[in-house]
Amino acid sequence: MPISPYGVLAARATDRRREGGTQTPHYQLFLKDNAGASYQVPVNVLSKVAPSELLFLADDDFRHPVTRLLPPAGSGWTPLASQAGSGALDFIRGNLFDPTRMRPLPPDRPGVDNDLSDFLDHYAERAIADPTVAVYAFGQGFGPHHSLLARVFRFRAARSGPAVIGVHDIHMNQGNVDPFVPDDGVWQDGGLLFHMTAEDRWVGVFLAFQSQAWHTDDTTGHTIPVPAARPFPAGEHEAPVRIVAARVASAGPGRGAESVTLLNASPDPVDMGGWRLADASGHRRPLPARSLASGTTVTVAGGNGFRLGPEGGAVTLIDPAGLKVHGVAYTRDQVRGAGWTTTF
């Protein structure tokens, strides 16, 4: 079954520890909430399944509507429903980042800024030094009496403490290979978000195993087999057909109809029959069955439940095989007002 309980830990960083070249190394991050409860966040830095190096991406200017759905800073553990709009993460459906920007990194090796632990240090040490930095850790909560986790992570908490004393699975949690397929699910991915409060800037840190698939079933999170040439959804500058603009709904007169504009950036015409758009809630809008010539655009009106709200959202382009081709997200701050079109 999917990981449970899934949620987010909102706390302040107090310490960190690198486990180096141990058998199953983790980067240990220690946190404390506003009530004084302590937590441990073990972050995988090496995979048990080859290739062993994890994929890593840090977005130093993370802008996404999920940041408006988070619990208050320092509030401790909050369970999240594994569905869109709950504050849960989904690397594929949430359009959090361009997966082609992820890079494999070794867990720990001599030198500076050349391994995964070094990059995690960069953000963790700043958060430890600055108590105004709010940390949000997404993943599976574990309690003080879970024998396996207690043994592996060597962490103890008072029996009178909270039911959840730590969070693990701080990585993508779908498209797994055996023996981890039972952990698959949608809207349950892990990650770390840092809110640099003084700058009002967000940093997103995302991890995935190289063995995981990036095309997964919308219900189960299990791998959808694809040709070897299409392991990832196309990147921001690789998709043949891209989402380049959207007119977002807003209150008031003269707002105009919601719409999405697509560009065929490839040198060849593309038959759009069977293609669809999906909004942040998964509502799908079929595209007109027509050929889109090279270098031309088509604007598709909303409707049939497909909605682009002014509070922020996401738009995903899906091909006839049901595979994600391209996706974007926008925040409330990017929506200029009634009648304006947001460009990507």
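At 8% relative accessibility, Asp121 is buried, because it falls under the 20% limit. In this predicted model, the Asp121 side chain forms a salt bridge with that of Arg18, with an N to O distance of 2.7 Å. Arg18 is partly exposed, at a relative accessible area of 24%.

The structure holds 14 salt bridges.

| Pair | N to O distance | Relative accessible area |
|---|---|---|
| Arg18 and Asp121 | 2.7 Å | Arg18 24%, Asp121 8% |
| Asp61 and Arg63 | 3.0 Å | Asp61 38%, Arg63 58% |
| Arg284 and Asp218 | 2.2 Å | Arg284 27%, Asp218 40% |

In the pair of Asp61 and Arg63, Asp61 counts as partly exposed, whereas Arg63 is exposed.

The side chains of Arg284 and Asp218 also meet in a salt bridge. Arg284 belongs to strand β15 (residues 284–286), while Asp218 sits in the loop between β10 (201–209) and β11 (241–247), so this pair ties together parts that are 66 residues apart in sequence. Both partners are partly exposed, Arg284 at 27% and Asp218 at 40%.

Salt bridges with shared partners join Arg16, Arg18, Asp108, Asp115, Asp118, Asp121 and Glu125 into one network. Arg18 and Asp121, described above as a bridged pair, are among its members.

How values were computed: Residues numbered from 1 in each chain as written. Predicted model: local features only at pLDDT ≥ 70, side-chain atom pairs only at ≥ 80, totals over all residues. Heavy atoms only, no water. Salt bridge = Lys/Arg side-chain N within 4 Å of Asp/Glu carboxyl O. Buried < 20%, exposed > 50% of the residue type's maximum accessible area, 1.4 Å probe, protein only. Helix = DSSP H or I, 4+ residues; strand = E, 2+ residues; numbered from the N terminus.
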